[in-house]
Amino acid sequence: MASTDVLPRFFSVFLSQYNSNSFLIPRSYYDHLPRRLPKTVILMGNGGRSWKVAMKSKREQVYFEQGWANFVAENELRDGEVLTFVFDGHRRYEVSIYSHRGCKETRAAIEVEEISDETESDNSCDSLVSVIQV
């Protein structure tokens with residue numbers, strides 16, 4: 001893709017009654033999908049987590065299915081929240097969640113453990129290097 005191209009995207013309002021176990025991709029978006037649907041796609045949250053989700057076609061409609069319920073639960077999706085999906089053209093969707101207030105939310109964030117730059121002894125790094133080199 002050229003740098004001036006815009007990645008295909010769509011949005012949807014989450015309604016638990018319809019979207020808790022599977023998610024129907026809007027028909028108007030089908031032209032952006034690969035002709036041969038991948039069996040699975042990766043949903044990337046803005047908190048750093050990712051979910052592997054099955055993509056299924058039923059009665060000429062395309063859904064996210066197996067794995068979608070985990071995405072919903074781990075992101076604690078609530079009725080009325082807006083989801084945006086940006087497709088990389090292959091198998092990955094970047095998903096953003098907007099609250100009722102219209103603000104982009106960070107959910108299901110990866111916890112980063114703080115690591116000190118100080119070492120207990122200079123030899124600990126040397127022994128690690130020697131183990132790796134063996």
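Student: Is Glu74 buried, partly exposed or exposed?
Tutor: In this predicted model, Glu74 has a relative accessibility of 36%, so the residue counts as partly exposed.

Student: Which residue does Glu74 form a salt bridge with?
Tutor: The partner is Arg49, with 2.6 Å between the closest N and O atoms. Because Glu74 belongs to helix 2 while Arg49 sits in the loop between strand 3 and strand 4, the pair ties together parts that are 25 residues apart in sequence. Arg49 is itself partly exposed, at a relative accessible area of 30%.

Student: How many salt bridges are there by this rule?
Tutor: The count comes to six. Another of them joins the side chains of Glu81 and Arg78, at 3.3 Å from N to O; Glu81 is buried, with 0% relative accessibility, whereas Arg78 is partly exposed at 40%.

Student: And what about Arg107, which side chain does it meet in a salt bridge?
Tutor: Arg107 meets Glu105, at 3.6 Å from N to O. Shared partners then join Arg78, Glu81, Arg101, Glu105 and Arg107 into one network of salt bridges.

Student: Switching to the core: how many residues does the largest nonpolar one have?
Tutor: It has 25 residues, and those with the most contacts inside it include Ile25, Trp68 and Tyr93. Among the elements that each supply at least two residues of this core are strand 4 (50-58), helix 2 (68-74) and strand 7 (92-98).

Student: What is Tyr93 in contact with, leaving aside neighbours within four places in sequence?
Tutor: Its contacts include Phe10, Tyr29, Leu33, Met55, Phe64 and Phe85.

Key
Residues are numbered from 1 along each chain as its sequence is written. This is a predicted model: local features need pLDDT of at least 70, side-chain atom pairs count only at pLDDT 80 or more; totals for chains, interfaces and linings use all residues. Side-chain values use heavy atoms; hydrogens and water are left out. A nonpolar core is a set of buried Ala, Val, Leu, Ile, Met, Phe, Trp, Tyr and Cys residues joined through side-chain atoms within 4.5 Å. Buried means under 20% relative accessible area, exposed over 50%, partly exposed in between (1.4 Å probe, protein chains only). Helices (H or I, at least four residues) and strands (E, at least two) are DSSP runs, numbered from the N terminus. Contact means heavy atoms within 4.5 Å. A salt bridge is a side-chain nitrogen of Lys or Arg within 4 Å of a carboxyl oxygen of Asp or Glu.
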